[in-house]
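This briefing goes through selected local features, grouped by topic. Please keep the sequence and the coordinates at hand.

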Amino acid sequence: MRIYVLGGAGKMGCIAVQHLVQDERVDEVILADVNMENARLVAQVLDSPKLTVQQVDIHDREAFVRSLEGSDTCLNATVYYTNLAVMEVCLAAGAHYTDMGGLFHTTRLQLENHTRFQAAGLSAVLGMGSAPGIPNIQARYAADRLDTIESIKIYDGIQPPKADEVRFTYAVPTIIDELTVAPMVFENGEFVAKQPLTGFEDYWFTTPLGTLPMHYSLHSEVATLPLTFKDKGVQECFFKINYWGMAKEVVEKVRVLADFGFDGREPVDVGGTPVVPRELMIAMLSGYVPPITDFLAPPTAQPPDWVKEIVTEVKGTKNGAEMTFRLGTLTCKGALPTGVAPALAAIWLAQGRVPVGVHPPEAVLDPVPFFKDLEQRQIYTQVTVTHRI
């Protein structure tokens, strides 16, 4: 089995590579990236005979296709803007596909490739980071055990840093989009846009996380779950997070920059030189992402000293009685599920466990064995069922 990780030298991609070289089902891992300095560092830290590093620029389509040929699955760990283009290359190279999410709107466009992947005999699973990804499978677990579904509520709880700690937890462009683009929710059976950083509520997570302030964020789960389980009558679905794992004070500073136009995508003349404000802001903020060695390091805590819990609450009925399923997936290393979940999806795709076509995770990944696979990396899922008497 040969798995190709595009962007494998990135902050989340390197975790996927780390899992894949440790998984006995995988024979070969290709770390494909444009950044050779980081790629070589990842290879040095992992020190695995399974791992091969290749320099790949996705803008050179012919070279990209040649690089991908012969691989069973392409795990796209780059920023979500590339998803559609990378899927095209997978069709040309004959590789299955998975990614870490399409931030709602891109995911919906990707689903339109379903018949093309079917015709090519290829499979794709969209949105397989920790979230999206794990919440989709959590929802599937509950949906399989309910006759009807009223609501699917997703809460991504992350241990907050200190107020004065300036740190970005994953790709800066994606965080900026989540912070500035209108979140989509499914409300009263319809998709509705909300304002960023609204919908606040306090939610209780497993100790030691405790109560955290949660707000809406644009996410891919909402794009698919209401449609996948439409026949069960879903009326409500949303995704909430606590400041994307950053300090509230840092988020407020970025919002100020965005309010002053630094999220602008049109060039501005600066002394005769065109400068795109958004690109400048991303370049400046990217220095506040931890070094890649931090992402590859083992967790500093051990269970039950959790630092992240991804929770999905599904309310519905079974045999006429009201029930609520609460599934919470826990980890002692916040970034770990974001790399491990897509790595597992890539393996399942290579094993032929996913039907041909383009699918959301909840449609094609069996929850119980997937949760068992996650447990091998100390990512544990707890299920609570509440019955209304």
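Leu285 is buried, with a relative accessible area of 11%; buried means under 20% relative accessible area, exposed over 50% and partly exposed in between, with a 1.4 Å probe and protein chains only. The model is predicted: local features need pLDDT of at least 70, side-chain atom pairs count only at pLDDT 80 or more, and totals for chains, interfaces and linings use all residues. Residues are numbered from 1 along each chain as its sequence is written, and side-chain values use heavy atoms, with hydrogens and water left out.

**Leu285 and helix α11**
- Leu285 belongs to helix α11 (residues 277-285); helices (H or I, at least four residues) and strands (E, at least two) are DSSP runs, numbered from the N terminus.
- Not counting residues up to four places away in sequence, Leu285 touches Phe168, Val172, Ile176 and Val254, where contact means heavy atoms within 4.5 Å.
- From C-alpha to C-alpha, Leu285 and Val166 are 9.5 Å apart in space, and they are 119 residues apart in sequence.

**Buried polar side chains**
- Thr329 sits in strand β16 (residues 321-331) and is buried at 2% relative accessible area.
- The side chains of Thr329 and Thr381 are joined by a polar contact of 2.8 Å. A polar contact is a pair of N or O atoms within 3.5 Å; within protein, one must be able to donate a hydrogen and the other to accept it, and residues adjacent in sequence count only if both atoms are side-chain atoms.
- Leaving aside neighbours within four places in sequence, the contacts of Thr329 include Ile134 and Gln138, both of which are buried residues of α7.
- Helix α7 (residues 134-143) is mostly covered, with ten of its ten residues buried.
- Ser67, in helix α3 (residues 61-68), counts as buried at 10% relative accessibility.
- A polar contact of 2.8 Å links the side chains of Ser67 and Tyr4.

**Aromatic pairs**
- There are 13 aromatic pairs in the structure; rings of Phe, Tyr and Trp (its six-membered ring) pair if their centres lie within 6.5 Å, and planes under 30 degrees apart count as stacked, over 60 as edge-to-face and the rest as tilted.
- Tyr155 and Phe238 form an edge-to-face pair, at 5.7 Å centre to centre and 80 degrees between the planes.
- Tyr155 lies in strand β7 (residues 148-158) and Phe238 in strand β12 (residues 236-241), so the pair ties together parts that are 83 residues apart in sequence.

**Backbone geometry**
- Ala131 and Pro132 are joined by a cis peptide bond with omega of about 0 degrees; Pro132 is in the loop between β6 (123-125) and α7.
- Another cis peptide bond joins Thr207 and Pro208, with omega of about 10 degrees; Pro208 is in the loop between β10 (201-205) and β11 (210-216).
- Asp47 is not a glycine but has a positive phi of about 50 degrees; Asp47 lies in the loop between α2 (36-46) and β3 (51-55) and counts as exposed at 65% relative accessibility.
- Tyr243 also has a positive phi, near 55 degrees; Tyr243 is in the loop between β12 and α10 (248-259) and counts as buried at 12% relative accessibility.
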